[in-house]
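Here is a short note for someone opening this entry for the first time. Please read the points with the structure beside you.

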Amino acid sequence: MGDRPAFERLVRRYQDRVFRFILRMVGIRDEAMDLAQETFLKAYRALPGWRPEARFSTWLFQIARNAALDALRRRRHIDFVSLTSGPDEEAIDPCDTAPLPEELLADKQRIGLLERALRELPVEQREILLLRELEDMSYADIAATLNIEVGTVKSRIARARVAVLAHYRHHAGESCHD
Amino acid sequence: MTDPVRPHLPDMIRLSGYLDGELDGATQREMETHLAACPPCAERLAELRALTAAFDALPQDTLGFDLAGMIAGRLAAAPRPSPERPAPRWWGLLPASLGAAAALTLGTGIGSVLIGGGAAMPRMAAMSVFDTLPPGGLCLGPDSCYSKGARK
Ligand SMILES: [Zn+2]
């Protein structure tokens with residue numbers, strides 16, 4: 001079948017990015033490997049439905065994201081409600097915007113804290129930060145990938161960032177709710 | 001935002017959008033002016049930047065094997081993209097030079113795909129899909145194509 005070698009080149013081009021995204025979504029290496037494989041097989045089967053109007057990477061990450069969400073649902077780590085009604089409309093807590101101790105932003109510590117914060121974030125905040133910060137996607141591409149409005153992308157990314165910074169703050173034992 | 005001296009809560013949504021360069025031009029400039037005059041907002045922005053730097057410093061996990069080779073067998077077994085449907089336009093995803101070379105070497109399968117519609121796809125549309133890659137760039141190995149590139 002003639003188009004297979006071409007597709008294999010696409011797999012090689014994207015396999016590590018897709019794997020990294022899924023790994024950060026599900027947190028388990030073996031599972032992420034399986035899901036990355038599943039993503040490309042699904043993409044291959046769905047290729048006739050892809051149109052150049054949609055950026056290929058956006059389309060591919062849509063498939064990867066769905067695979068990751070399905071896996072998380074199977075594990076029941078998330079419920080369906082949390083996917084559709086995120087905290088987008090809530091006001092950002094002013095406590096979460098208080099200054100952060102500088103040492104918490106120092107190198108080594110922040111990496112560990114960030115990994116932990118990512119694991120603990122609601123999935124809709126985790127996925128959007130991964131697409132923005134790791135994949136460097138534009139708001140428009142993120143909107144297309146997640147099938148949400150650009151305005152929602154903007155506010156959700158801000159909330160997700162504030163949530164990670166709040167995690168840092170919490171780790172430092174700082175809170176103005178006490 | 002009109003009076004930078006008056007104490008206010010930093011607008012995190014605006015700051016975050018500013019960081020990403022996703023505000024409209026006028027708002028982006030307005031934020032620049034404001035940030036120069038408002039230390040609290042400048043401090044929040046610095047935290048957001050530090051967070052982005054932390055993301056950049058995360059370990060870059062890789063699969064560590066050639067997934068394409070591994071799933072080659074399963075691709076063969078996978079249902080072939082339906083012949084009744086329009087020719088698979090995804091062919092245009094590959095850099096034009098690679099596409100042409102592949103068509104010459106891979107024979108009728110790919111040739112028919114190209115004749116069937118892939119070749120008719122405007123080249124610019126094809127290239128725009130991969131605008132994160134250097135023009136005509138080829139991916140010859142699992143790690144050679146991914147770089148975070150210059151950002152911000
Ligand atoms: Zn301010």
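1. Two residues are in contact when heavy atoms of theirs lie within 4.5 Å. The model is a predicted one.

2. Start with L51(B). This leucine sits in helix α3 of chain B. Is L51(B) buried or exposed? Its relative accessibility is 0%. Buried means under 20%, so L51(B) counts as buried.

3. Which residues does L51(B) touch, leaving aside those up to four places away in sequence? They are L114(A), R161(A), V164(A), L165(A) and Y168(A). Each of these partners carries the letter of chain A. Within chain B, D24(B) is 27 residues from L51(B) along the chain. The C-alpha atoms of L51(B) and D24(B) are 23 Å apart.

4. Now the partner chain. Chain A has eight helices and zero strands. Along the sequence the pattern reads α-α-α-α-α-α-α-α. Chain A counts 178 residues, and 58% of them are buried. Take the contacts in chain A between residues at least 6 apart in sequence: 69% of these join residues at least 24 apart. The accessible surface of chain A is about 7400 Å². Carbon and sulfur atoms account for 48% of that surface.

5. Back to chain B, and to two of its helices. Helix α2 covers residues 25–37 and helix α3 covers residues 39–56. Their axes come within 6 Å and cross at roughly 110 degrees. Angles of 65 to 115 degrees count as roughly perpendicular, and α2(B) and α3(B) are therefore roughly perpendicular to each other. On the α2(B) side, the contact uses H34(B), L35(B) and A37(B). On the α3(B) side, P39(B), C41(B), A42(B) and L45(B) take part.

6. Which atoms coordinate the zinc ion? The donors are NE2 of H8(B), NE2 of H34(B), SG of C38(B) and SG of C41(B). They lie at 2.1 to 2.2 Å. Along the chain, the donors follow the spacing H-x25-H-x3-C-x2-C.

7. Why is the zinc arrangement called tetrahedral? The four donor atoms subtend angles of 104 to 117 degrees around the zinc ion. Four donors count as tetrahedral if all angles lie between 85 and 135 degrees.

8. H34(B) has a relative accessible area of 4% and is buried. C38(B) is buried too, at 3%.

Methods: Residues are numbered from 1 along each chain as its sequence is written. Chains are lettered from A and ligands numbered from 1 in the order in which they are written. This is a predicted model: local features need pLDDT of at least 70, side-chain atom pairs count only at pLDDT 80 or more; totals for chains, interfaces and linings use all residues. Side-chain values use heavy atoms; hydrogens and water are left out. Donors are N, O and S atoms within 2.8 Å of the metal (3.2 Å for Na, K and Ca); water is not among the atoms, so sites may look incomplete. Four donors count as tetrahedral if all angles lie between 85 and 135 degrees; four count as square planar and six as octahedral if opposite donors are over 155 degrees apart and all others between 65 and 115; anything else is irregular. Buried means under 20% relative accessible area, exposed over 50%, partly exposed in between (1.4 Å probe, protein chains only). Helices (H or I, at least four residues) and strands (E, at least two) are DSSP runs, numbered from the N terminus. Accessible areas come from the Shrake-Rupley method with a 1.4 Å probe; for residues, only the protein chains shown count as cover. Axes are lines fitted to C-alpha atoms, for helices over the stretch in contact, and angles run from 0 to 180 degrees between N-to-C directions. Angles under 35 degrees count as roughly parallel, over 145 as roughly antiparallel, 65 to 115 as roughly perpendicular and the rest as oblique.
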